[in-house]
Amino acid sequence: MTKKNKGTFVKDVLGDAIPWYVSRRLPPVQLREKWPELVGPYLATRALPVCLEPDGALLLAVHGAALRQELNLSASEVVKKLDQAGFAVSSLKIITARPLAPARPSPPPPPPLDDKEKEQIAAMLAGVKSPMVQKAFARMLEAGLGALKARQ
């Protein structure tokens, strides 16, 4: 059974390469790991802890003004939960940020062209004198034809 990948944080990868004055402001790993448990799945997927400032203010990045307002209204509850879990968070600072788009799966490769289709492309390009241009156009036509075949 494989463990679910929880993601990798820049601090964990770069270690001492990050200056101490930057790394000390990153939220603790334990906070990031317990974040979904503490705030619930709804907020955990929509609010990202970005920075823990020296005064105890936790900077959260959210998408959209509505969620920002919702978090502002429930900030004291979130701070209380974090405090009860042992994190020295005194307040929340909420910023609106654009979310990263989820990675799109790669489209399947187009079906291969049959011999007849390859011959048609070669016939269309027979009058092109430059081998380099002929090859470029052939690739373009093959890709276009493959895309059309994939849609059907």
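At 23% relative accessibility, lysine 149 counts as partly exposed, because the buried class ends at under 20% and the exposed class starts at over 50%. The model is predicted. Lysine 149 sits in helix H6, which covers residues 131-151. What does lysine 149 touch, not counting residues up to four places away in sequence? Its partners are Pro111, Pro112, Leu113, Asp114 and Glu117. Take leucine 113 from that list. Leucine 113 and lysine 149 are 36 residues apart in sequence. In space, their C-alpha atoms are 8.8 Å apart.

Now step back to the whole chain. Its secondary structure comes to six helices and three strands. From the N terminus on, the order is α-α-α-β-β-α-β-α-α. The chain has 152 residues, and 26% of them are buried. Its accessible surface comes to about 11600 Å². Carbon and sulfur atoms account for 59% of that surface. Contacts also reach along the chain. Among those between residues at least 6 apart in sequence, 57% join residues at least 24 apart.

The sheet comes next. Strands of a sheet pair through backbone hydrogen bonds, either parallel or antiparallel. Here three strands form an open sheet in the order E1-E2-E3, and the pairing is mixed. The edge strands are E1 (47-52) and E3 (91-96). Each of these edge strands pairs on one side only. From one strand to the next, the twist averages 30°.

Start with the antiparallel pair. Five bridges join E1 to E2, the strand of residues 57-62. Alanine 47 has valine 62 in E2 as its bridge partner. Proline 49 stands opposite leucine 60, also a residue of E2. E1 and E2 form a hairpin, with four residues between them. Glycine 56 is in the turn and has a positive phi of about 95°.

Then cross to the other pair. How many bridges join E2 to E3? There are six, and these two strands run parallel. Alanine 61 stands opposite isoleucine 95 in E3. E2, H4 and E3 together make a right-handed β-α-β unit.

Helix H3, residues 29-44, lies across E1 and E2. Helix H3 runs at about 145° to E1. Helix H4, residues 65-84, lies across E1, E2 and E3. Helix H4 runs at about 150° to E3.

Which elements supply the largest nonpolar core with at least two residues each? H4 gives the most, with six residues. The core has 20 residues. Those with the most contacts inside the core are Trp35, Leu58, Leu71, Leu82, Val89 and Leu92. Every residue in the core is buried, because burial is part of how such a core is defined.

Leave aside its neighbours within four places in sequence. Leucine 92 is then in contact with Leu58, Leu60, Ala75, Val78 and Val79. Leu58 is also among the core residues with the most contacts. Leu60 is the residue of E2 that stands opposite proline 49.

How values were computed:
Residues are numbered from 1 along each chain as its sequence is written. This is a predicted model: local features need pLDDT of at least 70, side-chain atom pairs count only at pLDDT 80 or more; totals for chains, interfaces and linings use all residues. Side-chain values use heavy atoms; hydrogens and water are left out. Two strands pair if DSSP finds at least two bridges between them. Axes are lines fitted to C-alpha atoms, for helices over the stretch in contact, and angles run from 0 to 180 degrees between N-to-C directions. Contact means heavy atoms within 4.5 Å. Buried means under 20% relative accessible area, exposed over 50%, partly exposed in between (1.4 Å probe, protein chains only). Accessible areas come from the Shrake-Rupley method with a 1.4 Å probe; for residues, only the protein chains shown count as cover. A crossover is right-handed if, with the strands pointing away from the viewer, the path from the first strand over the helix to the second runs clockwise. A nonpolar core is a set of buried Ala, Val, Leu, Ile, Met, Phe, Trp, Tyr and Cys residues joined through side-chain atoms within 4.5 Å.
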